[in-house]
Amino acid sequence: MNLPPGPPLRAIGATEPDFERDLVSNLYFQRGTTMESASVQDVYQSLAVTVRDRLVDRRARTATAHYAANPRCVYYLSAEYMLGRQLRQNLLYTGTEDVAADVLKGLGLSLDEVADFDVEPGLGNGGLGRLAACLLDALATADIPAVGYGIRYDLGLFRQTIVDGAQVERPDDWAFDGSPWEFPQQDDRQSVGFYGRVEDEDGRRHWIPAETVLGEPSHMLVPGYGTQTVNIVRLWRARADSDAFDLADFAAGRSAEAVQEVVRSENISKVLYPADSTEFGRELRLKQQYFLVSCSLRDIVRRFHLRNSDWAAFTDKTVIQLNDTHPALAVPELQRLLVDEYGLDWDTAWSITRRTFAYTCHTLLPEALETWPVELFARLLPRHLEIVYAINQAHLDEVEARFPGDGELRRRLSLIQEGPERRVRMAHLAVVGSHAVNGVAELHSRLLAETTLADFARLWPERFRNVTNGVSPRRFLRLANPRLAALISDRLGGDGWLTDLEQLRELAPLADDPEFQQRWRAVKRDNKLDLAGYARAATGIRIDPDALCDVHVKRFHEYKRQLLKLLHVVALHHRLRADPHTDVPRTVIFAGKAAPSYHAVKRIIQLINAVAAVVNADPAVAGRLTVVFLPDYNVTRAELITPAADLSEQISLAGKEASGTGNMKLALNGAVTIGTLDGANIELRDRVGADNFVLFGLDAPRAAEVRRGGYRPDQLAWSDPDLAAALEAIRGGRYGAGFGDVLDAILGRDEYLTVADFRSYLDAQDAAAAAWRDPARWTRMSILNTARCGFFSADRTVADYSDRIWRVDPIRVPPR
Ligand code: 26Q
C-alpha cells in the first residue's frame with residue numbers, strides 16, 4: 001500500500017519489439033549474458049523477470065488505488081499455499097503469451113522448453129493449500145483487496161520417488177536455482193517472541209520472551225485475470241538476528257556452537273510438515289504456527305495504521321479468514337496485542353477480536369482436530385495460555401448462564417480437553433474467537449453442525465454457514481487444457497466463460513452433436529497422448545490413448561480408499577484372464593503422496609506398484625489393462641493428468657471427505673465421476689445430473705449405521721466371489737510375498753468400509769464400462785459434465801464468502 005505512484009523505469013508495452021528489448025536487457029543486466037551465449041536457464045530467468053515487470057507495474061497501481069480507497073480488506077491466513085508454476089499463468093494474465101512465444105521462436109527456442117524450467121513452490125500438502133491458491137486467484141480476479149499470509153518454507157512438500165516399489169522422500173529445495181517470482185522485503189521485518197515469562201507491570205500483564213526470531217516477508221504477486229488488480233501473498237521466512245552468530249565460540253574453534261542459535265531460529269521456516277492430519281505435539285510445528293500468526297497480525301495492524309488511527313474502525317477495515325485451525329493462535333494473539341500492547345480494555349478488545357475472525361474447517365474426522373498439550377503451550381506461549389484460560393472462563397460462564405447445571409456440556413465445549421494430559425482444543429478456540437464458521441461443502445457443513453461441532457451449533461447457530469469449495473478455471477481449464485479451452489472459446493464465441501463459468505451451459509445443446517463430439521474426443525485423445533509421453537519417460541510404461549483413462553489421484557489416506565480401487569484392479573486382472581472382454585481397455589492411473597510416517601498407506605503404494613508390475617507384464621491382459629503409479633503428484637502433475645482423464649475416482653467413504661476439489665477439476669475437464677455421496681460429490685451429481693455420474697456405495701447415515709451394527713468384514717469378504725478371488729491372489733503371493741498386512745486392515749476392523757462397498761463399486765465400474773462402449777453416449781456424458789459444473793468455479797466461492805462472511809466490495813484499479 002505504500003508504493004509510490006508515477007511512471008516505471010522502463011516502458012511496459014507488450015508489443016513484440018518492447019518484449020524482446022526487455023528480454024535482451026534482462027539477459028544482460030540480470031544474468032550478465034547475451035542472446036548468443038545464454039543458456040535455457042538464463043532465458044527462463046530473464047523471461048520470468050520480463051513478465052514479472054509487467055505485473056509489478058500493475059501491483060504499483062493496485063497499491064495506490066487501495067491506499068486511496070482505504071477499503072475493507074480480506075486477510076487470508078494459511079500455513080499452506082500450493083501456487084503451482086507461475087510463468088504460464090503470468091504470461092496469460094498479462095496477455096503476453098503469444099508475444100513471448102514469437103520472441104523465443106526467433107531465438108530458436110520453444111516456450112514449452114523454456115517454461116519447463118519453471119519450478120512450482122510446493123508449499124502445501126494438498127487440498128487445503130491448493131484451495132488457498134485458488135481463492136487468492138479468484139479474489140484478485142474479483143478486484144477484492146486481499147493479502148494472503150503464509151510461511152516461506154525453504155523446503156516444500158517432499159519430492160516423492162519410487163524405489164523398489166516403495167515411496168522414498170527427498171527434500172524439495174524449490175528455490176535452489178533462484179526463484180524469480182519472489183520479492184524479499186527486508187524493510188518490513190517483524191520480531192517474534194517465544195518462551196519466557198509473564199510479569200505484572202503497573203496492573204498490566206507483560207510477556208517477556210526468552211527468545212526472539214525475525215520474520216522477513218517475501219512477496220509473490222497474485223494477478224487477477226482480465227483486470228488490473230495484482231494482490232500479494234506475503235510469506236514469512238525466519239531469520240536470526242545478525243548478532244546471533246557467536247564470534248567467541250567461533251574464535252575458540254567451536255564452529256558448530258557458533259551457528260547454533262542461527263540454526264535454531266532459522267529452522268522455524270525450514271520445512272513444511274509433510275502430514276495432512278494428526279501430527280500434533282511437535283514443538284517446532286507449534287512454533288511455525290505462532291511465527292505465522294505473530295508476523296501476520298503485526299503486519300495487518302501496521303497496514304491498518306497507515307490510514308486509520310481509531311481502533312473502532314478496525315473491524316470495518318479488516319476481516320481475517322483462518323484456513324483451518326493452523327493459524328488459530330491469531331485469536332489469543334490479537335487479544336494480547338490489543339490488551340497488553342495497545343492498552344484496550346478486555347471486553348472492547350474481545351469484541352474486536354471476535355468480529356475480525358472467521359474460521360473455515362476442512363475436516364470431520366475427530367482425530368484430525370488439532371489439539372496441543374497445555375504443558376507445551378505454557379512453555380512456548382505463557383501469556384497466550386493465560387489469555388486462552390480467560391477466554392475459556394468467560395465462555396464457560398456464558399454456557400452456564402444459558403444451560404445451567406449442565407456440567408457435561410461445559411466439559412464438551414471447553415477450550416481445554418481434560419484428562420491425563422490436558423490439551424488446548426484449537427477448533428474450539430477458533431469457533432469461540434470467530435463470528436463465522438464454515439464447512440467446505442453442503443454435506444460437510446451440515447455434518448459439522450450435527451456432529452463434530454454440534455454443541456457449538458446449538459449455542460450459536462447463527463455463526464454456522466456453508467461455502468462450497470471451487471477451483472480456478474484459469475489454471476485448471478485454460479492453462480492445464482488449452483485444447484479444450486480453445487474448442488470451448490470457439491463454440492462460445494469468446495472467452496468470457498473464463499470469468500463467468502456458468503456460460504459453459506451453452507455447450508449443453510451440443511452434447512449430442514456428432515461433429516462437436518468428434519472434436520471433443522480428439523481433444524481428449526491428444527491430451528492422453530501428452531500424458532502417455534510423460535508416463536513413458538517417467539515410468540517406462542506405455543499408455544494406449546484409446547483406452548479408458550481411469551484416475552485415482554490425490555493424497556494417500558485410508559479414508560480415500562486407494563485400496564478399494566486396487567482391489568478392483570486385481571479383480572479385473574483375474575476376470576480378464578478368463579474373459580478378455582469382461583471390461584473395456586483401461587489404463588488405471590494412481591498418483592499421490594503418503595505422509596512419511598503413515599505406514600499403512602505406504603504399504604498400499606507398495607502393493608499398487610507390485611500389482612502394476614505383474615499386470616503390465618502379463619501377456620494375457622496386454623492391451624486390456626495397464627496400471628501406472630505416476631510419482632511425485634503435485635500441481636504441475638495434476639495439470640497434466642486432469643485433462644487426459646475419462647473417469648474420475650472419488651470413492652472416499654461417505655462422511656469422511658470434507659469436500660474434495662480434484663473431483664471439480666476433473667469434471668470441469670470432461671471426466672465422468674464414479675463416486676460416493678461424499679463431500680462435494682453430492683453437489684456435483686446434483687448439477688451434472690444422475691445420468692452423467694456413476695454412483696455407488698453407502699451414504700453417510702448408512703455407513704454410520706453399518707459401523708454401529710455387528711459388521712463382520714471377513715465374513716462378507718469371502719462371500720463375494722470377485723473379492724474373494726482378489727484377496728486370495730494377493731494373500732497367495734500372486735503380486736509378491738508378504739502383503740497380508742495390507743489385507744488385515746480391511747478384514748479386521750475395516751474402519752473405512754472397503755469391504756462393505758466393494759460389490760456396489762464393482763457393479764458401478766461395470767456400468768461405467770458399458771457406457772464407455774458406446775462412444776456417443778460417453779461423450780455426451782463428458783460434455784455435460786463440463787457444461788454443468790460452472791458452479792464449482794472459485795469465482796463463485798469467493799462471491800459466496802463475500803456475501804455470507806466478508807462483506808467486501810471490489811476496488812477497480814485504473815489501467816495505465
Ligand atoms: C496440522 C497440524 C500438524 C501437522 C499437520 C497439520 C495439517 C496439515 C494439513 C492438517 C491438515 C492439513 C490439510 C488438510 C486438507 O488438505 N484438507 C482438505 O481440504 C480440502 C479443501 O477444503 C478439502 O477439499 C478436502 O476434502 C480436505 O481433506
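Patches are made of residues with over 30% relative accessible area and no salt bridge, like charges being joined within 9 Å and nonpolar side chains (Val, Leu, Ile, Met, Phe, Trp, Tyr) within 5 Å; accessible areas come from the Shrake-Rupley method with a 1.4 Å probe, and for residues only the protein chains shown count as cover. This is a predicted model, in which local features need pLDDT of at least 70 and side-chain atom pairs count only at pLDDT 80 or more, while totals for chains, interfaces and linings use all residues. Residues are numbered from 1 along each chain as its sequence is written, and side-chain values use heavy atoms, with hydrogens and water left out.

On the surface, Phe245, Leu247, Phe250, Val259 and Val263 form a nonpolar patch with about 430 Å² of accessible area together.

With a disulfide taken as a pair of cysteine sulfur atoms within 2.5 Å, the count comes to zero. The sulfur of Cys73 is too far for a bond, because the closest cysteine sulfur, in Cys295, is 18 Å away.

A salt bridge is a side-chain nitrogen of Lys or Arg within 4 Å of a carboxyl oxygen of Asp or Glu, and by this rule the count comes to 74. One of them joins Arg474 to Asp795 at 2.7 Å, N to O; Arg474 lies in helix H20 (residues 473-479) and Asp795 in helix H34 (residues 794-806), so the pair ties together parts that are 321 residues apart in sequence, helices being DSSP runs of H or I with at least four residues, numbered from the N terminus. Salt bridges also link Arg152, Asp154, Glu182, Arg237 and Lys270 in a network.

Technical notes. Helix = DSSP H or I, 4+ residues; strand = E, 2+ residues; numbered from the N terminus.
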